[in-house]
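Here's a quick tour of one model, covering a helix, a hairpin and the nonpolar cores. Have the viewer open as you read.

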Amino acid sequence: MGGLAHNIMCFPGAGAGVGNPMLWHCFRPYWLTISLPLPAIHTRISCIDRSIFVIVPESIWKFPKIGAFFHNKNIMVNQRKWLPRMKEAQISTSADTDRWRGVATSAAMPVPDEMRAWVLGDPEQLDRTTKPVPVPGRAEALVRIDAVAICATDLEIIKYGTPALIEGGPPFNKNFSPGHEYMGTVAALGPGVDEFEIGDRVTVEIHSGCGQCKRCRMGMYTSCHNYGLNFGDQNKGHRANGFTTDGGFAEYAVNNINTMIKVPDTMSDEVATLVVTAGTSMYGLTELGGLVAGESVVVIGPGPIGLLAVAVAKALGATPVILVGTRENRNAIGRQLGADITIDARNEDAVARVKELTGKGADYVVDCAGNETTVNQAIHMTNRGGRICLAAFPKEPATFDLGYLAVNNIYLYGIRGEGRSATHRAMAFMAENRFDAGLVHTHTFPMEDLPEALRYARDRVDDAIKVVVSMRKNANPAGSSGT
Ligand SMILES: [Zn+2]
Ligand SMILES: [Zn+2]
């Protein structure tokens with residue numbers, strides 16, 4: 001702030017209005033930054049008009065007289081120590097001020113009152129509607145969504161409801177917008193947020209735990225004990241966008257700043273939507289022990305998480321990395337992402353082949369398929385003292401060889417989502433082009449064609465793997481592939 005530290009800054013033109021109340025009135029509804037000593041401040045603010053927005057340093061706001069004055073005149077106060085970018089900030093002084101109190105927006109990126117959004121009605125029914133744009137609170141930002149990837153879990157939620165949990169129950173007919181693998185541009189900052197700037201491109205992780213339960217304190221926020229308790233009298237502050245709170249099949253979403261990761265300029269929107277998927281793979285591997293350099297890793301199931309688990313394991317130095325799948329086109333992508341060897345489980349005995357390749361069995365096995373066959377394969381291909389990550393959510397109970405597991409001291413880990421900031425680590429790899437996650441992205445549709453995009457993902461039309469819907473893409477009846 002330098003030489004202006006003891007001036008009242010009026011916009012436009014610092015200093016022009018100092019000491020001249022009439023001039024101050026001319027500048028309505030612009031904002032002021034006041035950082036004068038207390039007596040001078042009190043003299044000067046007495047001529048500020050009602051409903052103007054004022055930014056004051058914390059040191060001044062503490063004085064009760066000043067606080068009461070602002071309150072009585074309905075002057076909104078944003079308490080900040082110092083924010084250089086507030087020079088660009090424009091704060092509304094209209095009737096919606098209560099909703100947006102303390103939220104910073106920018107004239108360069110105006111935020112509308114309403115947005116288009118897809119909402120879940122009955123099972124398998126998505127309707128396009130309008131909703132109020134959500135308002136970011138403390139430690140939150142408003143993200144304008146630019147692209148969203150479709151996940152198998154979205155298809156689950158739309159059909160069965162689980163694992164989404166809205167207001168303590170199934171997500172149907174609750175004006176809920178699914179979609180959780182999105183990226184976009186920061187459009188507004190909640191009170192006190194200076195970790196991001198308006199205009200930043202960000203990608204997001206899904207879970208923002210309550211921050212106060214035992215698991216959240218351990219960094220295991222995907223296993224938050226207050227999952228879904230974010231409504232009515234039970235507001236624990238938990239968010240899992242697209243699961244317990246509104247997600248990305250809309251124009252805007254609110255995110256906790258800890259779930260946001262800056263996207264490098266060189267990364268496309270589509271690839272940026274895949275960071276959270278790579279983060280899920282990263283979380284599985286790091287929960288297994290993390291240090292996989294020089295150890296053998298087998299991944300079963302070449303879906304998006306499995307393919308990116310191959311890529312992450314390779315980037316972490318695992319050797320050999322073995323992929324087990326039933327479709328050659330997927331296995332071929334696995335080889336491009338770093339698999340040293342792929343096994344076609346339709347034509348080969350996967351367990352025997354892994355033992356042959358590794359000697360005593362694999363050190364780590366990641367099961368991304370999650371059925372009775374693959375769980376038992378995983379158990380029998382793991383070496384003594386080895387570790388298994390269960391990364392899929394099967395709907396049916398499975399019978400497995402418990403005796404073999406115990407006798408061989410094999411560890412079994414159930415892994416949910418992308419905890420312990422694994423998504424940030426995945427971004428570190430992707431920003432450095434350690435692997436080409438874009439290989440799993442096969443199709444892009446405009447947001448208005450979401451039902452068609454979901455069909456491509458569900459029925460694997462045209463060998464679809466990751467289907468992305470983009471706000472920036474114009475309607476195109478056939479959809480199209482791209483990277
Ligand atoms: Zn997902
Ligand atoms: Zn928690």
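## Helix α12

Helix α12 (residues 372-381) is mostly covered, with 7 of its 10 residues buried. Buried here means 20 or more other C-beta atoms within 10 Å of the residue's own, with C-beta atoms placed from the backbone; helices (H or I, at least four residues) and strands (E, at least two) are DSSP runs, numbered from the N terminus. The buried set is Thr374, Val375, Gln377, Ala378, Ile379, His380 and Met381.

What do those residues pack against? Their partners are β16 (297-300), β19 (362-367), β20 (382-390), α11 (350-358) and α13 (402-407), where contact means C-beta atoms within 7 Å.

This is a predicted model, so local features need pLDDT of at least 70 and side-chain atom pairs 80 or more, while totals for chains, interfaces and linings use all residues. Residues are numbered from 1 along each chain as its sequence is written, with chains lettered from A and ligands numbered from 1 in the order written.

Strands β7 (residues 114-120) and β8 (residues 126-132) pair antiparallel over 7 bridges; pairing takes at least two DSSP bridges. Leu120 has Leu126 of β8 as its bridge partner. The hairpin has 5 residues between its strands, and Glu124 in the turn shows a positive phi of about 65°.

## Nonpolar cores

A nonpolar core is a set of buried Ala, Val, Leu, Ile, Met, Phe, Trp, Tyr and Cys residues joined through C-beta atoms within 7 Å. The largest one has 117 residues, and Val312 and Ala313 have the most contacts inside it. Helix α9 (residues 304-315) gives this core its largest share, 9 residues.

Leaving out residues up to four places away in sequence, Val312 touches Ala278, Ser281, Met282, Leu285, Ala426 and Phe429. A second, separate core of 6 residues includes Cys216, Tyr221, Cys224 and Tyr227.

Note on methods: A residue is buried if 20 or more other C-beta atoms lie within 10 Å of its own, exposed if 12 or fewer, and partly exposed in between; C-beta atoms are placed from the backbone. Two residues are in contact if their C-beta atoms, placed from the backbone, lie within 7 Å.
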